[in-house]
Amino acid sequence: IIFFFLMSCTLFGQDKPEVEKKGEFSGQWRNYYMNTFNKDELKDFTALATGGHLKYVYRFTPRFSLTGAVHVSVNSWIQDLTNPDPSTGKGSRYEEGLFNRLDLDEKFLVVAGELFARYKLRQHEWKLGRMKMVSPLVNPEDGRMIPTFLQGFHYSWKPGATSLFEAGIFNEIAPRSTGGFYPIGESIGTYATGRNRLGEPAAYAGNTHSDFLITAHANFNLLEQVNIDLWNYYADNIFNTSYLNPEWTIDDHFTLEMEWVHQEKVGNGGNALKEFRYFEGSSSDVLGTRITYKRPESFLALSYNRILPHGQFIFPREWGREFLFSFQKRERSEGSGDNHALVAYYNTLIPLETIGTRVRSILSVGHHWKPSVLDARLNKYAVPDYTQVNLDLFLNFDRWKNLKPEILLVGKFASGDFPDNPNFYLNKTDMFHIDLILNYNF
């Protein structure tokens, strides 16, 4: 795989004038080591993947182009992830996401994730085909080898420097860490399904009926110092989820933000039978606030999120990360109701001039107050109260600008009263997790 990428770089670089005129190749060679150390005698999991992607853009005219990309993940098989923890019968939570988590025996995974036509005018853009999408709740989620892709049509209109309006309709999604595209309903349940409201294993995987996903987005300045970001996700026969994020720039250093997520069930929530239903409640609401203090090379932020007790915030994990204010890598608030989260972030740039390196450091410390692990209605995945500490380091070398290493260290520590059951610890709390990522972009 290494030879394949290096030869690609060499061959494509020989025809530079033609590449600049009509076509352009780019790509990434990615190596990803992951290790989770669980509590006491619970099983530790580890994995090493190599692969990356090749992308080609061909411009027929300045306005019309065609883009294609192939993503690859190869399992080095340093541990057999098909063998679960013996005390719980459960496998890895994070490591299997480096590969096809629906078939862990598959050592070589190839996904043709992007293939779309694009037509662009000065203020308008149309895309049709398979593509990535970046939004608060539907996004590529770059924490694994294979990101999330969508298939459908997308339109955007940018009338000015401070405004953007866009919408899309999609009929298939390729969840990250899977081998291909699935209809909207079938894509839900390819990840862990947790429990239903009765405390039984949820059975919506393969039983969720939805034909399309419609997204809409508006970003504009309400006042000179007040920006509004508004998203809406309509999943046919499942839910409608709205996301509102107003941001007030107080001065050169301080910003204050709010966020509100509101959900309503649509149709029968995925299935007419309750035992197979994905969206079991009728509605849910998430409120959040964040204050940020900015300096030229750093910022400090304090964030708080509250999921109100009347409903469980539910959104497919298969479709991306949940970029709520209190989000920390390697955990989510999704699946909870009556939930509090308080997180502090410190993001800074550390220059190491003697070795020609700059390190972007992101430290986050948060505490998450969860409902009782015995309350399946408000705690779908049975996660206890926990404190989480993350340190994320991004290295930038002056001499090797294409080389982008990353180190992620995660510690999660349980608190509160809950039964001494290994299912409440394994891959959830009282654990240490490490990611070592080496990207080479070309």
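**Figure 1. Accessible surface of the predicted model.** The accessible surface of the protein comes to about 20,200 Å². Carbon and sulfur atoms hold 60% of that area. Accessible areas come from the Shrake-Rupley method with a 1.4 Å probe; for residues, only the protein chains shown count as cover. Buried residues make up 51% of the 442 residues. Buried means under 20% relative accessible area, exposed over 50%, and partly exposed in between (1.4 Å probe, protein chains only). This is a predicted model: local features need pLDDT of at least 70, side-chain atom pairs count only at pLDDT 80 or more, and totals for chains, interfaces and linings use all residues. Residues are numbered from 1 along each chain as its sequence is written, and side-chain values use heavy atoms, with hydrogens and water left out.

**Figure 2. Overall fold and dimensions.** The protein has 3 helices and 19 strands. Helices (H or I, at least four residues) and strands (E, at least two) are DSSP runs, numbered from the N terminus. The radius of gyration is 22 Å, close to the 22 Å that the globule rule gives for 442 residues, so the protein is as compact as a globular protein of that length. This radius is taken over C-alpha atoms; the rule is 2.2 Å times the number of residues to the power 0.38. Along its principal axes the C-alpha trace spans about 65 × 50 × 45 Å. Among contacts between residues at least 6 apart in sequence, 62% join residues at least 24 apart. Contact means heavy atoms within 4.5 Å.

**Figure 3. Gln28 and its side-chain partner.** Gln28 is found in strand 1 (residues 23–37). Gln28 is buried, at 13% relative accessible area. Which side chain does Gln28 meet in a polar contact? The partner is Asn441, at 2.8 Å. A polar contact is a pair of N or O atoms within 3.5 Å; within protein, one must be able to donate a hydrogen and the other to accept it, and residues adjacent in sequence count only if both atoms are side-chain atoms.

**Figure 4. Ala382, a loop residue with positive phi.** Ala382 sits in the loop between strand 16 (357–369) and strand 17 (386–397). Its phi is positive, about 55 degrees, although Ala382 is not a glycine. Ala382 is buried, with a relative accessible area of 7%.

Figure 5. Asp430 lies between strand 18 (403–414) and strand 19 (431–441). Phi of Asp430 is near 50 degrees, a positive value in a residue other than glycine. At 25% relative accessibility, Asp430 counts as partly exposed.
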